[in-house]
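Me: I would like to learn how to read salt bridges in a structural model. Please take me through the general idea and then the case at hand.

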Amino acid sequence: MIDLEEKKYLRSTYYYDLPENLIAQTPIEPRDHSRLLVYDRKTGEIFHEHFYDIVKYLKKGDVLVINNTRVLPARLNGFKDTGAKIEILLQKRRNLTDWDVIARPTKRLKVGTKVTFSQELACYITEIGEYGCCKVKFEFNGVFEHRLSEIGTMPLPPYIHEKLKDKERYQTVYSKVEGSSAAPTAGLHFTKELLEKIKGMGVEVVEVLLHVGLGTFRPVKEDNILNHEMHSEFIEMTEKNAEIINKAKKEGRRVIAVGTTSVRVLESCAKGGIIHPQKRETDIFIYPGYKFQIVDAMITNFHLPESTLIMLVSAFCGIEETLNVYRTAVSEKYRFFSFGDACFFM
């Protein structure tokens, strides 16, 4: 018999059944017309709304924390000298020429292999790791970002099979700083008009930065989640925004994170219940038993079974409570994952 304490460390604890037809393939238009499941952690009540109804659950003095990262057109299709096709997914920039990437198929690669994408852009494999992870050195004419924008495509998650008609639909309306390999998808539901309405209510909107890596989609393969090796991502919290958040916490006002990426920034920058400005990598892994220091409520999408993200939500709401919310969402035919509907956990 497994007790509750042991159960929270089992990957299988975070599994739920999801019919494939509920995985959203295309975004809803307009952005804020997606559905919104609201869960009150104090009462256990569930409300079914649309995203534009989020204003009913926000109030003057709240601080809404958004991640202003911008997704790179990080998927590159190239060829070896033999003509074999190779796909490169940019993960993390190391310097002007060197990147961590995921390469497919890895079995066709070895250190020194050249992959050509165009006359102006190529790379050489400098190191090969596990799960397709490689290090590469790029050669290019002109500015790397220009070459990338010409031939790179949006790195949509593997469960999305429809072609994206408009690249900007995989960007938030407040995206600014390029560097992500995936979108902070909870933010995709906001329109500029909705954000202005929220600000007009007296809600402070604060920007933080986390560059999302493709590791966010990496499944947890270990049966015991404590053995999972968490990916690291670059974060930035400015002094000005740290002061705004700390003032709100001191005055008892709510700090609401938009997305698990904002949650990870806030909790990574917290020490003793106080936010400290910083600019670094974080590999924080939040799972049940974690004591939140800063986040009072969160807006997020529905996450993959057995993923680190559903574990984070379970740490915030409780395991059984989270799985009950997900079962309800399945029965109510909510749309799941990156282009799916949203939740507000308050």
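**Reading the salt bridges**

Reply: The structure holds 22 salt bridges, a salt bridge being a side-chain nitrogen of Lys or Arg within 4 Å of a carboxyl oxygen of Asp or Glu. This is a predicted model, in which local features need pLDDT of at least 70 and side-chain atom pairs count only at pLDDT 80 or more, while totals for chains, interfaces and linings use all residues. Residues are numbered from 1 along each chain as its sequence is written, and side-chain values use heavy atoms, with hydrogens and water left out.

Me: Which residue forms a salt bridge with aspartate 100?

Reply: Side chains of opposite charge can pair when their charged atoms come close. Aspartate 100 pairs with arginine 94, with 2.5 Å between the closest N and O atoms. Aspartate 100 is buried at 13% relative accessible area, whereas arginine 94 is partly exposed at 48% (buried means under 20%, exposed over 50%, partly exposed in between, with a 1.4 Å probe and protein chains only).

Me: How many residues apart are aspartate 223 and arginine 11?

Reply: Aspartate 223 and arginine 11 form a salt bridge at 3.4 Å, N to O. The two are 212 residues apart, and the pair links distant parts of the chain. Aspartate 223 is exposed, at 54% relative accessibility.

Me: What separates lysine 199 and glutamate 196 in helix H3?

Reply: About one helical turn separates them, because they lie three residues apart in helix H3 (residues 192-200); helices are DSSP runs of H or I with at least four residues, numbered from the N terminus.
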